[in-house]
Amino acid sequence: MESALLIIVCESFIRIEALPLIYRCTLEFLIVNQIPPLVYFVLPGKYHAMSATYFTFASIIDVTLGTLLMFAVANVYVNFLTKQYEELRMARYDVSHDGLTNLLNYDSFHSHMNELSQKSSKHQIICILDIDDFKKLNDTYGHLEGNDVLVYFTKRLFVEVKAHFGELASVYRFGGEEFCISVHGVTVEDCLEMTDKLAEELRTKDYVTATGDKITVTFSGGIALGCDKKDIRTVLREADKALYYSKRHKKGSVTCAKDLEKKSTDTDMPLSY
């Protein structure tokens, strides 16, 4: 009977998810330690399995204080581990993310490329976007305003990418005003739809500078789709060529690498990825 009662009470406390685990464990310790002597005083003598000298008021107090002490020590240790874990998490975040935009940084992209190089690039899409005339904007309004434009663009880019692709896509800042989206399992048309939505969002909501000037932020892009015969770095090179074509021939547009195969261009550029 005592065992059944203990199991029922402990089970009820362990399910109180609103309480941290350390508090639930402490409650269970108190229950396990205190219910037997309390039940001992309630049940008739014929049900007693232990000597009456085992359960006294003093022993109950000692066990209670001992349990609370255990909880205090455990709580300090858990708080220490939590702080250590949080510091480690933040350190890892700082290493893998860009400090200005909070996007994954180039080092993270490099690691991502290494992982993808071990797999088939089939259905893997690389999309590179570059803000148009960003140097002119910096020269006109200053680098602080330029940083604000980068944050402004990043927020809208991230929202559109996640709205269209969710966890299928990763967004990276290469550096400067260049960004990269890596996404698997979607079509080039899906990516073009995303970039069209982003361009429309930027057109309808101008960026306002500190001096009150309104600026329409535009971008150029290149998209390449992988296949079984292509290494992922070849896909990246093709996306970069497509971006370069957009920058040279029609700023504010996004070019697909497959369309360049039909054009005679001099878009070859040395890459250092």
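Q: What makes strand E3 (residues 178–184) mostly covered?
A: In E3, 6 of the 7 residues are buried, where buried means under 20% relative accessible area, exposed over 50% and partly exposed in between, with a 1.4 Å probe and protein chains only. The model is predicted, so local features need pLDDT of at least 70 and side-chain atom pairs pLDDT 80 or more, while totals for chains, interfaces and linings use all residues. Residues are numbered from 1 along each chain as its sequence is written, and side-chain values use heavy atoms, with hydrogens and water left out.

Q: What joins strand E2 (residues 169–175) to E3?
A: There are 6 bridges between these antiparallel strands; in one of them Tyr 172 has Cys 180 as its partner. E2 and E3 form a hairpin with 2 residues between them, and Gly 176 in the turn has a positive phi of about 60°.

Q: Why are E2 and strand E7 (254–256) said to stand at the edges?
A: The open sheet has 5 strands in the order E2-E3-E1-E6-E7, with mixed pairing. E2 and E7 each have a single partner strand, so one side of each is left without a neighbour in the sheet. From one strand to the next, the twist averages 20°.

Q: How does the reach of helix H6 (residues 143–165) stand against the expected value?
A: The expected span is 1.5 Å times one less than the number of residues. H6 has 23 residues, and its 32 Å from first C-alpha to last is close to the expected 33 Å. Gly 166, which follows H6, has a positive phi near 60°.

Q: Which residues of H6 are buried?
A: They are Glu 145, Gly 146, Val 149, Leu 150, Tyr 152, Phe 153, Thr 154, Leu 157, Glu 160, Val 161 and Phe 165.

Q: What makes a set of residues a nonpolar core?
A: The members are buried Ala, Val, Leu, Ile, Met, Phe, Trp, Tyr and Cys residues joined through side-chain atoms within 4.5 Å. The largest such core has 32 residues, and those with the most contacts inside it include Leu 129, Phe 153 and Ile 181. H6 gives the most to this core, with 7 residues.

Q: With which residues is Val 161 in contact, leaving aside its neighbours within four places in sequence?
A: Contact means heavy atoms within 4.5 Å. Val 161 meets that criterion with Gly 166, Ala 169, Val 171, Ile 181 and Met 194.

Definitions and conventions:
Helix = DSSP H or I, 4+ residues; strand = E, 2+ residues; numbered from the N terminus. Pairing = 2+ DSSP bridges. Axes fitted to C-alpha atoms, helices over the stretch in contact; angles between N-to-C directions.
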